[in-house]
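Here's a friendly walk through one protein model. Have the sequence and the 3D view open, and follow along.

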Amino acid sequence: MQRLLIFGVFTAVLFLVSRAQAELDGNGWMQQSEEFKRGYAAGHLDTLTVLGTSLLSGGTLSAERARTLDVIGSMTRHVALCVRNKSVTSDQLKTMTDKYLHDHPTKAKSLMFITAGSALGQTCPP
């Protein structure tokens with residue numbers, strides 16, 4: 001029963017904060033703490049690793065959709081593996097993202113998921 005209660009509380013908190021964090025843009029990023037930025041950057045790399053696998057392509061897909069997922073998967077897999085092989089730390093990931101936003105101020109209104117991916121892409125171009 002205690003596990004169920006803990007799971008319920010965790011799920012409720014996750015539900016409440018997930019929408020705000022999913023819509024984070026560059027302006028919001030710059031207002032976050034250094035801890036948050038390091039965690040977000042590390043989580044972003046983990047997300048790229050998952051997107052680079054075939055786990056998301058289950059079910060029946062049209063040929064066009066399958067090609068699209070294959071291209072996205074190969075690009076994200078390349079970037080994630082390259083960054084991991086270079087042993088980039090979460091602090092370095094945060095710094096790369098900060099620098100990318102500083103060098104590209106027009107990206108401040110873009111979603112952070114895209115901006116962080118662009119920052120990593122410069123480190124390990126496809």
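The protein exposes about 8,600 Å², and carbon and sulfur atoms supply 63% of that area. Accessible areas here come from the Shrake-Rupley method with a 1.4 Å probe, and for residues only the protein chains shown count as cover. Buried residues (under 20% relative accessible area; exposed is over 50%, partly exposed in between, 1.4 Å probe, protein chains only) make up 26% of the 126 residues.

A word on ground rules: this is a predicted model, where local features need pLDDT of at least 70, side-chain atom pairs count only at pLDDT 80 or more, and totals for chains, interfaces and linings use all residues. Residues are numbered from 1 along each chain as its sequence is written, and side-chain values use heavy atoms, with hydrogens and water left out.

Where pLDDT is low, the predicted coordinates should not be read in detail.

Now the fold. You'll find 6 helices and 0 strands; both kinds of element are DSSP runs numbered from the N terminus, helices being H or I with at least four residues and strands E with at least two. Take contacts (heavy atoms within 4.5 Å) with a separation of 6 or more: 71% of them join residues 24 or more positions apart.

Which residues make up the largest nonpolar core? A nonpolar core is a set of buried Ala, Val, Leu, Ile, Met, Phe, Trp, Tyr and Cys residues joined through side-chain atoms within 4.5 Å. The largest has 12 residues, among them Ala41, Leu45, Val83, Met96 and Leu120. Helix 3 (34-51), helix 4 (63-85) and helix 5 each supply at least two of its residues, and helix 4 gives the most, with 4 residues. Apart from this core lies another, of 6 residues, including Leu24, Trp29, Tyr40 and Leu101. In soluble globular proteins, nonpolar side chains tend to be buried together.

| Residue | Relative accessible area | Class |
|---|---|---|
| Leu24 | 7% | buried |
| Lys94 | 7% | buried |
| Ser87 | 56% | exposed |

Leu24 sits in the loop between helix 1 (2-22) and helix 2 (26-31). Its C-alpha is 5.9 Å from that of Leu111, though the two are 87 residues apart in sequence. Lys94 belongs to helix 5 (residues 90-103). Leaving out residues up to four places away in sequence, Lys94 touches Trp29, Glu34, Lys37, Arg38 and Ala41. Ser87 is in the loop between helix 4 and helix 5, and has a positive phi of about 55° although it is not a glycine. Most residues other than glycine have a negative phi.

Last stop: the largest pocket, with a volume of about 280 Å³. On a 1 Å grid over the protein atoms alone, a pocket is an open set of points where a 1.4 Å probe fits, with protein on both sides within 12 Å along at least five of seven lines; lining residues have an atom within 4 Å of a point. Points are joined across faces, edges and corners, and the volume is the space filled by probe spheres set on them. Of the 12 lining residues, Leu48, Met75, Thr76, Gly117 and Ser118 are the closest to the centre. Helix 6 provides the largest share of the lining, 5 residues.
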